[in-house]
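Visitor: I would like to learn how to read strands and surface patches in a model. Please take me through an example.

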Amino acid sequence: APSPDETARLTAQLRAVADELETHLPENPLPRFIQPEEDGPPKDVPLGGAMPYDVVVGPFNPIALPVELDFEPPRALGRAIFGVAYEGAPGCVHGAILAATFDIILTAANAIEGAVGPTVRLALHYQRPTLTDEEAVFEGWVTEVTDRRVFSKGRIVQGGVVTVEADGEFA
């Protein structure tokens with residue numbers, strides 16, 4: 001708990017660093033979205049790289065969650081260790097964090113199938129608490145593709161136990 005004077009001094013230092021960093025901005029900023037290749041998601045760009053400012057996995061978003069995506073067709077995987085900053089009940093990951101992560105995991109599974117679209121419905125079935133400070137493995141896969149919809153399922157496995165199951169529908 002620094003004093004007001006110390007807080008003001010530190011804030012001034014941070015502003016000076018931010019001003020210096022601003023001089024290094026690229027002339028052409030990164031695009032907000034990189035189109036997938038015709039045969040599926042970019043092979044050399046992870047989903048977060050395709051959406052560099054995504055709130056869940058965007059490498060250029062300072063509040064992005066600590067989720068690492070992997071494609072293992074037909075499944076999309078995400079691995080994360082959520083610390084106390086993502087806590088709801090003491091020692092447990094907040095359900096909204098899990099929902100946001102599932103939205104991107106199921107979207108990644110849809111990308112494997114070449115059927116990406118906006119989320120229409122996302123339902124989570126909480127089986128038991130997902131604990132902070134322990135690896136949570138998210139799995140997502142597509143169950144059905146119709147002319148207008150994609151249906152996906154997912155789950156979180158933590159310590160060999162399923163903690164949450166998810167059902168998604170995408171346009």
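Visitor: How many residues lie between β4 and β5 in their hairpin?

Guide: First, the ground rules. This is a predicted model, in which local features need pLDDT of at least 70 and side-chain atom pairs pLDDT 80 or more, while totals for chains, interfaces and linings use all residues. Residues are numbered from 1 along each chain as its sequence is written, and side-chain values use heavy atoms, without hydrogens and water. Strands are DSSP runs (E, at least two residues; helices are H or I, at least four), numbered from the N terminus. The hairpin of β4 and β5 has four residues between the strands.

Visitor: In which sense do β4 and β5 pair?

Guide: Two strands pair if DSSP finds at least two bridges between them. Here β4 and β5 (residues 150-158) pair in the antiparallel sense over eight bridges, and Gly140 stands opposite Gly154 in β5. Strand β4 (residues 135-145) also pairs with β2 (residues 75-81), antiparallel, over six bridges. There, Gly78 is opposite Phe138 in β4.

Visitor: Which residues form the negative surface patch?

Guide: Patch residues have over 30% relative accessible area (Shrake-Rupley, 1.4 Å probe, only the protein chains shown as cover). Like charges are joined within 9 Å, and nonpolar side chains (Val, Leu, Ile, Met, Phe, Trp, Tyr) within 5 Å. Asp and Glu count as negative, Lys and Arg as positive; His and chain ends are not counted. A charge is placed at NZ of Lys, CZ of Arg, CG of Asp or CD of Glu. The negative patch is Glu68, Asp70, Glu72 and Glu135.

Methods
A salt bridge is a side-chain nitrogen of Lys or Arg within 4 Å of a carboxyl oxygen of Asp or Glu.
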